[in-house]
Structures are given as C-alpha cells and as structure tokens.
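Please look through the sequence and the structure before reading on.

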Amino acid sequence: MSDARSSRIEGLHKMTPAERLQAVSRQAGLGNSAIDALATAAEGQIELADRLVENAISTMAIPVGIATNMVVDGREVLVPMATEESSVIAAVCNSAKRCRSTGGFVTSTSGPVMAAQIQLLGASDPMNVRLKVYERIDEIRTICDETDPLLVKFGGGFRDIDVRVIDTDEGPMTIVHIIVDTRDAMGANAVNSMAEALAPKLSEWTGARSLLRILTNLADRRVVRARAVWPVSEIGGEEVRDDMLSAYHFADADPYRAATHNKGIMNGVSAVVLATGNDTRAIEAGAHAYAARDGWYRSMSRWETDGDGNLVGILEMPMAVGLIGGATKIHPTAQANLEILGVKTADALARIIVSVGLAQNFGAMRALATTGIQKGHMALHAQNVALMVGAVGVEIDLVASELKALGKVRQDLAEEILARIRAGK
Ligand code: MEV
C-alpha cells in the first residue's frame, strides 16, 4: 500500500505552534499519545523555541547533569553537561578526581580569533590578485571595523588577512581570509557580516569575481590547549598505564579507531557546548578538521609518560564558543548553566570545555584498557532498556536489576521480565 502523506502544508510558518502541531498531526496521522507527548514537551518552552527556529511544534528535553571534581587552572568548577548518553558525566567525575592530587587541568589559549573566507575566482592571474588584496590591507581594516563598531569598542575587530591561492578542479582560486578578534562572541555573525561587506570591494580592486563569503569552522587561530597528569597510583598501576598508552597509539595510527576515540572526547566537549547554548556542529566540524591537519586523521589527544612514570594527557583543539549572541544569551537554561560554571569570558569557558574533553578521553581509555566499556554502561543502560520496553515507576528498577543480574542488557529479555512482573510471577 502506498503512503498517501504529503509533505506540503500550506502556510505552516504563519501558524501558531499549537496550530502547527494540529496540522502536522493530521497530516502525519498521529495518535493521541504522540500528540500528547509533543504538546506536553512544548509546555513552558514553546515560545522560546518558536523564536529560535522555524515551524516549531514542540521541544525536546536533554538531561543536564553536573560533572564534579574538575579543577581548571587552579579553580574548582562544577560543569553542567547536556547529554542523553549514560556514563559520560560519571566518566568525567571519575577522571577529574584521579588528577586532583597533581593540580587538575592546566590550560592555555591562542585568543578568540576567528576567520572568514572570501572566494575570488575567474581571474587568469590569481597570484596577482593575491598581491592586489594584500596592498589594500588598510582599507580592508576600515571596512571590517566599520561593520562592527561595537566589537571594536570591546577591544576586538579586524586583525589581519591571509591570502592563499588554491588549486581546484576548475583551476586556481584566490582565497582571502579576514582574521578577526571576536572577543566573547562565537563570532560567526561578526565575521560573516565583514566578509559580505568586503567582497564587492575585493572584486572591484582585483577584477576577480567574488562568490562565497563565510567563516571557516576550522578555527585554528582559536585553539585551546589543556594538559593534566594522572599519577600511576590513580590509574591502577603501570600495566594499566602502558595499556592506555597502547590504546592511544592505536587511535593515533588508525583512522577507524581515531574516529571512535575522538567521538569519546566530543562526548564531553559537545555536552558542555550544548549546555551553554553554543553551536555543537561548529565545534565538531572544527575539531575533526583540526585532527586531520597533518594530512591524515589522527587522535585529537596526545598521551605520554613524565619522568616519574605518570601519565600525561594533552588535548589541543579549536574552541569557538561565545557568551553573547545566539541561544547562549536567550536560553534561560544556558544562562543558568553559565552561572554554575561561574565564567565571565568566552576564553574561560573554552578552557573548561577542552579540559572536560581530556577528562572524558582518560575515562574512556582507562575503561577500554581494563574492564571494557559495557560494565560501566550496564546500570544506566539497563534502565534505558527498561524504559524502552514500557516499564514505569517501580518496574523500571525491577527490570533493570534483573537485566544486570543476568549480565545481558537486551530488549527481548527486558520484555520477558516486564511481562512476568506484570503477571505477578
Ligand atoms: C562511547 O560513546 C565513547 C567511546 O567509544 C570512546 C572510545 O572508544 O574511546 C567509549
């Protein structure tokens, strides 16, 4: 039988969220429980959602948990993490505790510097175009800074240009990077506006056609570095330490493993990025591109031993987060989470995020090099599976603990256990 649904809903964007929900429910043939779920989730949140995105009908709650034990640059910090994945927050708490005796995490940054690219094409002399752009640096500075006087007032603004000629399938192109200090903003709006204002002038000066004008998420001038030392006694001995190093060497040498190893790092990073209303996709894109900067995809982190045989972890990655603009400024939960963090600058936030990524990586490597990942996952995962099969109230713990006792967290077994509980057997 063919599905007679249509994806056309006339004027959806003009409706109120409640009207949209009705229209979508009709068109998608939703049952009452699905409609109720969406309507309930919308309560108290939908006005903001409607401001943030188009065609909003509901919202989706992500758990926010607190990572304890973090010490970053000598400051004790409670870290809110927004994630749906079990074990992620527990891993940070545990890893951070194990490096407290050596002072926790020490960080450094290259400053909040972003870049936008302007693509110049169609010229037979791209090298000449490149130099013509460099000759206009003073005018470029004026155009960029006039685009965002507020940023200049706060000490940011245009810093430099970098002009490259790249080879492409349709021949060489001249690519202009405008480099901008965006202070406490993530900076996308600032640099995109500057790039758009500048592009016609670049065409006029060089004779080349300007096409794309957009920031680069490979924010390699906005890099944060975090390091921490884990004493051998906190790891579980020299054998565990050496196995963790072997786990790291595996990730660094093999992209298949690196993807998963780095995903673990991003479990921590993205959870704090999301909790503070920042752009998780921008951070993910920058992080993975940076991990491939040597021409092949490798581990984002580095691990080695110090002179005393302790394990030293290092994480260096672009971290384009802001405190002003976007959801960060208007989402009350993001604002409250920033208050928990107690940060006053985007720079301070970025340092914490990278430290969390390093803690997460330590936790994952240690688990993988010892008991494996499933043991730690078991308790929370068992509860998720219990929920999945429809357990409610006390049933959830009953199903979860039976699954754990069996050592097999499987949906079919959870269904059987729930049926037995309900039959009073
Ligand atoms: C799971 O979300 C993350 C890990 O797979 C990371 C890793 O393998 O290093 C455990």
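Domain bounds, as used here, come from an automatic or database domain assignment. For this protein chain the assignment gives domain 1 (12–52), domain 2 (64–110 + 223–370), domain 3 (113–215) and domain 4 (375–423), and the centres of domain 2 and domain 4, taken over C-alpha atoms, are separated by 31 Å.

This is a predicted model, in which local features need pLDDT of at least 70 and side-chain atom pairs count only at pLDDT 80 or more, while totals for chains, interfaces and linings use all residues. Residues are numbered from 1 along each chain as its sequence is written, and side-chain values use heavy atoms, with hydrogens and water left out.

Taken along the principal axes, the C-alpha atoms of the protein chain fill a box of roughly 85 × 70 × 45 Å. The chain holds 18 helices and ten strands, where helices (H or I, at least four residues) and strands (E, at least two) are DSSP runs numbered from the N terminus. Of the 425 residues in the protein chain, 45% are buried; buried means under 20% relative accessible area, exposed means over 50%, and partly exposed lies in between (1.4 Å probe, protein chains only).

Which residues are around the ligand? They are Glu 85, Arg 257, Thr 260, His 261, Lys 263, Gly 264, Asn 267, Ala 364, Leu 368 and Ile 373, a residue being counted if one of its heavy atoms lies within 4 Å of the molecule.

| Residue | Distance from a ligand oxygen atom to a side-chain N or O atom |
|---|---|
| Glu 85 | 2.6 Å |
| Arg 257 | 2.8 Å |
| Asn 267 | 2.9 Å |

The protein covers 84% of the 300 Å² of accessible area that the ligand has on its own, with accessible areas coming from the Shrake-Rupley method with a 1.4 Å probe.

Elsewhere in the chain, Arg 298 has its place in the loop between helix H12 (280–291) and strand E9 (301–305). Arg 298 is counted as buried because its relative accessible area is 15%. The C-alpha atoms of Arg 298 and His 249, which are 49 residues apart along the chain, are separated by 9.8 Å.

Leu 52, by contrast, is partly exposed, with a relative accessible area of 35%, and this residue lies in helix H3 (residues 46–52).

How values were computed:
Polar contact = N/O pair within 3.5 Å; in protein donor to acceptor, adjacent residues only side chain to side chain.
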